Amino acid sequence: MTDVTSSKSTRRPHHWRHDLIELAALFTAVVVADTIAKTIVKGPDGPYLLVFSAIALVATAGFHTWWARRHSHAPPATRTATPTAAVVAEGPRGRHTDQDDSAPAAEALETVLWRMRTTVDDAPGSLAALCAVLARLGVDILTLQTHPLTEGTVDEFLLRAPASLSSTDLAHEIGTAGGRDTWTERANTHDLVDTPTRVLGLATRTALDAAELPLALRQLLGRCTLHSVPAVSLTGRPTGEQAPVEGVLEETVMKLRDPSGGTLLIERPYLPFTPTEFARARALVELDAQLGPRVPRSQDVLTLPEGNEITVRRADQRDLPAARAMHDRCSARTLSLRYHGPVGDADRYLDHLLSPRFGRTLAVQTASGRLVALGHLLWDGDETEVALLVEDDWQRRRIGSELLGRLVAMAEEAGCDSVYAVTQASNTGMVAAMRALNLPLDYQIEEGTLVITARLDAARRRSERTQPQARQSER
């Protein structure tokens, strides 16, 4: 609703005397001009009188201009801003006042984005108290979600706040307004997307690729740790981990039944899950269960330096027989460098490695369809592991470097901060492939095992990473 003061109160009163004076001046000027014209025509002193009349007209025009400025009908040039001269508008976050246009503009302040969550009593006025405090601090509310609880309500805000306002001060002020268990973290521009749009985007990604479910759950729930606990161990023994169909919510722990078997264990120690978040996560898992096994079937055909063509594509558990056949063709040394353990256990890991719950797998096959290499990007809690296995006869043809570069690109796309590879110091091929990424590397050696961690930097990777020496075409 808008209340605007009538403009009549800002105008000066209109006097009839001003019009009478201007009319008399006009008639006088006409009479004088007529008299001068007749005199010029009949008298000998006409030129002198013409000059005199011009001077008189200029003087009259100057006087009229001065009189008009002093007695103008227009309102005064400046006004004092008062409550009656302001426009009061009703907005979605309350009432705000637009002051007079002559008021000086406020200096632009540097701002930052914050995500804040706090618990308040489920009572009238509790949210209004929080909004009043934020308004006093100069904080703008961009989005607001409410999560009802059995006792109270969790309010989640996306805020644009002055850069000078610290998270500690913000939490303290919110506490004075009745907020408790307040949690804050810095946000970015990606958080400006509204919640329904973000959830629909995550559902679309999950529908296209089963390996996206763990990533979608992480993005949906914020900073959390997700583990896939299989129902059966690698040795074939039941683990006893099987969540009920409806799932389990225990404060900071969420358990959901994995459609592929076992349990999805999600933990967020610093912030309890709300029933609303639990319902959203369960809906994503149910969507995954309804769609069944699926991976993108796009593939790239590459030509190796010697002229052979190979195909790089995504793989899943349907490629298990071909992967086991590749194991049979690999030497014991190649398998030991990859699995760091008894060679006889290598086949047991394949079903785990090819499952989309634990990551993404790239396969390399020849023109005849035989599998000759596998590359794995594995979700390991908050970290991400990369691993390679190339059949002996196909090593030293830059296949490993090609797979590693693609896996790192996937990790960056998934929002990973780093990737690590576990190998042995004698595995010069893996060490060289990691160095060829042109990324900052950290090395850690423990009892002959070498852990190489690459820190992902998007701009540096795009500009410095060398491209594989192979001609690539999409099919």
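Author: A residue is called buried when its relative accessible area is under 20%. In this predicted model, buried residues make up 37% of the 475 residues in the protein.

Reader: What makes up the accessible surface of the protein?

Author: The accessible surface comes to about 27600 Å², and 55% of that area belongs to carbon and sulfur atoms.

Reader: Which helices and strands does the protein contain, and how many?

Author: The protein has 13 helices and 19 strands. Among the strands, β4, β5, β3 and β6 form an open sheet in that order, with antiparallel pairing.

Reader: Why are β4 and β6 said to stand at the edges?

Author: β4 (140–148) and β6 (180–186) each have a single partner strand, so one side of each is left without a neighbour in the sheet. Neighbouring strands of this sheet are turned by 20° against each other on average, direction ignored.

Reader: What makes β4 and β5 a pair?

Author: Two strands pair if at least two bridges are found between them. β4 and β5 (residues 153–162) have 8 bridges, in the antiparallel sense, and therefore they count as a pair. Within this pairing, T143 stands opposite L158 in β5.

Reader: Which helix packs on the sheet, and how is its direction set against that of β4?

Author: Helix α7 (residues 275–291) packs there, touching β3 (111–120) and β4. The direction of α7 makes about 85° with that of β4.

Reader: How many of the contacts join residues at least 24 apart in sequence?

Author: Among contacts between residues at least 6 apart in sequence, 63% join residues at least 24 apart. A contact here requires heavy atoms within 4.5 Å.

Definitions and conventions
Residues numbered from 1 in each chain as written. Predicted model: local features only at pLDDT ≥ 70, side-chain atom pairs only at ≥ 80, totals over all residues. Heavy atoms only, no water. Helix = DSSP H or I, 4+ residues; strand = E, 2+ residues; numbered from the N terminus. Buried < 20%, exposed > 50% of the residue type's maximum accessible area, 1.4 Å probe, protein only. Areas by Shrake-Rupley, 256 points an atom, 1.4 Å probe, with all protein chains shown as cover. Axes fitted to C-alpha atoms, helices over the stretch in contact; angles between N-to-C directions.
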